[in-house]
Amino acid sequence: MIRAIYPGSFDPVTLGHLDIIKRASRTVDKLIVGVLNNGGKHPLFTIDERVDMLKEVTRDIPNVKIMSFSGLLVDFARQTESTVIVRGLRAISDFDYELQMAQTNRKMNPEVDTMFLATSLEYAYLSSTTVKEVAFFDGDIREFVPNQVVESVQRKVREKKAAYLRNT
Ligand code: PNS
């Protein structure tokens, strides 16, 4: 029984993330999507919103479970009895950071290995950060995020802009 974690911020989930989830879920027995809830970052979506969006877009994949986690990823791996961490690699620019993270995680928990999936070509350029930027300037994000998420991103960005204008 191979249990794997696919960790990330998912702020918001993109079509690139969903592609990795679908492909990884075909390779392992159980895939836990771990949504990071560490205080340092300032995400657009709350942890509950990110978890709910992921649940919605993965509800047809029976061996996928969505969970939030805080603290170290290797501790979350221990808690969930996972032996594999899945990460998508888009380009060589991802590599340094990903290798460093994989090696650090392996040092801290030698029972966990990181497996990299090459991002599908059509999503190689995509990131949650660029999605937010496009949405912020009223660009079309329908090619970037799952259908169920488009409206939520647009609404959140509208709310953020309104709050910003109120405070200036
Ligand atoms: O989607 P992201 O933001 O690139 O995901 C980064 C993530 C969540 C995988 C990484 O920040 C993480 O694992 N954070 C948890 C804290 C941790 O374990 N850090 C040490 C790894 S070297």
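Against which helices do the buried residues of H6 pack?

## Basis of the model

This is a predicted model, in which local features need pLDDT of at least 70 and side-chain atom pairs count only at pLDDT 80 or more, while totals for chains, interfaces and linings use all residues. Residues are numbered from 1 along each chain as its sequence is written, and side-chain values use heavy atoms, with hydrogens and water left out.

## Helix H6

The buried residues of H6 pack against H2 and helix H5 (128–136). They are Val149, Val150, Ser152, Val153, Lys156 and Val157, where buried means under 20% relative accessible area, exposed means over 50% and partly exposed lies in between, with a 1.4 Å probe and protein chains only. Helices (H or I, at least four residues) and strands (E, at least two) are DSSP runs, numbered from the N terminus.

Helix H6 covers residues 147–166, and its 20 residues should span 28 Å at 1.5 Å a residue, which agrees with the 30 Å between its end C-alpha atoms; the expected span is 1.5 Å times one less than the number of residues.

## The sheet

Five strands form an open sheet with parallel pairing, in the order S3-S2-S1-S4-S5, and two strands pair if DSSP finds at least two bridges between them. Strand S3 (64–69) and strand S5 (113–118) are the edge strands, each of which pairs on one side only. On average, neighbouring strands of this sheet are turned by 30° against each other, direction ignored; axes are lines fitted to C-alpha atoms, for helices over the stretch in contact, and angles run from 0 to 180 degrees between N-to-C directions. Helix H2 (residues 47–57) packs on the sheet, where it touches strand S2 (30–36) and S3, and its direction makes about 150° with that of S2.

Strand S1 is joined to S2 by six bridges, the two running parallel, and tyrosine 6 has valine 33 in S2 as its bridge partner. Two bridges join S1 (residues 3–8) to strand S4 (residues 84–89), again in parallel, with alanine 4 standing opposite valine 84 in S4. S2 is mostly covered, since six of its seven residues are buried.

## Isoleucine 20

Isoleucine 20 belongs to helix H1 (residues 15–27) and counts as buried at 2% relative accessibility. Leaving aside neighbours within four places in sequence, isoleucine 20 is in contact (heavy atoms within 4.5 Å) with Tyr6, Val86, Gly88, Leu117 and Thr119. The C-alpha atoms of isoleucine 20 and serine 120 are separated by 8.3 Å, although these residues are 100 residues apart along the chain.

## Aromatic pairs

A search of the whole structure finds four aromatic pairs; rings of Phe, Tyr and Trp (its six-membered ring) pair if their centres lie within 6.5 Å, and planes under 30 degrees apart count as stacked, over 60 as edge-to-face and the rest as tilted. One of them joins tyrosine 125 and phenylalanine 144, whose ring centres are 6.0 Å apart with planes at 70°, so the pair is edge-to-face. Tyrosine 125 lies in the loop between S5 and H5 and phenylalanine 144 in the loop between H5 and H6, so the pair ties together parts that are 19 residues apart in sequence. Tyrosine 125 is partly exposed at 48% relative accessible area, whereas phenylalanine 144 is buried at 18%.

Phenylalanine 136 and phenylalanine 137 also form an edge-to-face pair, 5.4 Å centre to centre with 80° between the planes. Phenylalanine 136 is partly exposed at 34%, and phenylalanine 137 is exposed at 60%. Lysine 161 lies over the face of phenylalanine 136, at 5.2 Å from the ring centre; a charge sits over a ring if NZ of Lys or CZ of Arg is within 6 Å of the ring centre and within 35 degrees of the ring normal.
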